[in-house]
Amino acid sequence: MTPTTLPVTLDDIRAAAARLKGVAHRTPVLRSRTLDALVGAEVFLKCENFQRVGAFKFRGAYNAASRLTPEQLARGIATYSSGNHAQAVALAARELGTTAVIVMPHDAPASKREATAGYGAEIVTYDRYTGDRVAIAEALASERGLTVIPPYEHPHVIAGQGTAALELLEETGELDALMTPVGGGGLIAGSATAAKGRHADLRVIGVEPEAGDDTKRSLEAGRRIEIPVPHTIADGQALHTPGELTFSINRLLVDEIALVSDDEIREAMRFAFERLKIVVEPSGATPLAALLAGRMGSLPRRVGVIISGGNVDAERFARLCGGMD
């Protein structure tokens with residue numbers, strides 16, 4: 001497989017951007033002289049914490065849902081998610097006049113469960129350490145005739161996620177590097193496709209929590225590696241293996257994976273709040289954590305960073321920043 005035959009192309013991402021125009025927010029790009037001085041580079045923060053549902057996930061969910069047939073929409077949508085994709089599918093379903101059933105782990109943050117229900121979705125819970133969320137969702141879909149929109153294993157979802165990087169590059173011009181969090185791999189797959197489609201030499205860097213380094217291990221091995229479900233404050237990145245579709249893209253387009261500790265994530269959340277005046281959830285803070293902790297060594301001059309989301313309730317945010325969670 002070559003970049004020209006990948007399952008998602010720059011043209012797919014541009015088409016997704018057209019579908020999302022006027023529906024998704026064109027989120028701001030934040031600059032900070034303090035941050036630039038600390039890391040020794042010009043940093044451009046694409047703030048998806050200001051996206052609808054508070055995270056980039058709305059882009060992929062709406063792009064995929066909007067491409068369903070009227071018959072599929074009439075029957076409804078299903079998915080599985082720890083929170084942000086759950087909210088995104090719930091809102092996309094509401095926007096498109098259909099219903100959504102969401103399979104969520106019982107220990108998902110309460111704020112994310114409540115927001116998902118608030119958009120009108122039905123929630124089915126499971127134990128993330130013993131249950132198979134994909135099997136549960138597929139069984140529900142089969143029983144009720146629903147269409148499953150997975151969190152990342154879908155070309156239309158990946159294309160939608162790539163629109164965040166496309167917008168960033170349209171605003172900043174050419175960058176030397178682009179950093180994103182890595183969970184299942186949809187955001188970085190879409191971002192890398194957009195970035196390298198515009199600037200082939202751009203360095204794409206993913207960031208994972210140390211406890212959940214399945215993508216780093218997989219890229220080093222040249223095949224998907226499975227690890228135990230990780231225990232990390234970055235709940236959106238607590239996966240045991242990369243997606244099959246996303247890995248087929250990322251193994252060709254991603255240049256590097258950096259790892260950060262939970263304590264470094266907490267420091268980045270605190271820095272974002274105190275110095276940048278924004279609230280960032282743990283998973284969304286991992287690229288900023290990698291920058292502040294110097295996890296990439298020498299940085300190029302111009303670095304783009306996708307802050308993927310800000311869905312963390314006030315009580316948990318206070319506990320995390322105080323080192324109590």
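## Helix packing in a predicted model

Helix α9 (residues 186–198) and helix α11 (residues 244–253) pack at an angle of about 45°, with their axes 9 Å apart, which makes α9 oblique to α11 (angles under 35 degrees count as roughly parallel, over 145 as roughly antiparallel, 65 to 115 as roughly perpendicular and the rest as oblique). This is a predicted model, in which local features need pLDDT of at least 70, side-chain atom pairs count only at pLDDT 80 or more, and totals for chains, interfaces and linings use all residues. Residues are numbered from 1 along each chain as its sequence is written, and side-chain values use heavy atoms, with hydrogens and water left out.

In the contact (heavy atoms within 4.5 Å), G186, I188, A189, A192, T193 and K196 of α9 meet T246, I249, N250 and L253 of α11. The axes of helix α3 (residues 57–65) and helix α5 (residues 84–95) come within 8 Å and cross at roughly 40°, and α3 and α5 are therefore oblique to each other. Here K57, F58, A61, Y62 and A65 in α3 meet N84, H85, A88, V89, L91, A92 and E95 in α5.

| Helix pair | Axis angle | Axis distance |
|---|---|---|
| α9 and α11 | about 45° | 9 Å |
| α3 and α5 | roughly 40° | within 8 Å |

In helix α14 (residues 314–321), the buried residues (under 20% relative accessible area) are R316, F317, L320 and C321. These cover an arc of only 125° around the axis, which puts them on the same side of α14. The face turned away from that buried side carries A314 and E315, which are exposed (over 50%). Among the elements covering the buried residues of α14 are α12 (262–276) and α13 (282–292).

Methods:
Axes fitted to C-alpha atoms, helices over the stretch in contact; angles between N-to-C directions. Helix = DSSP H or I, 4+ residues; strand = E, 2+ residues; numbered from the N terminus. Buried < 20%, exposed > 50% of the residue type's maximum accessible area, 1.4 Å probe, protein only. Arc of directions from axis to C-beta.
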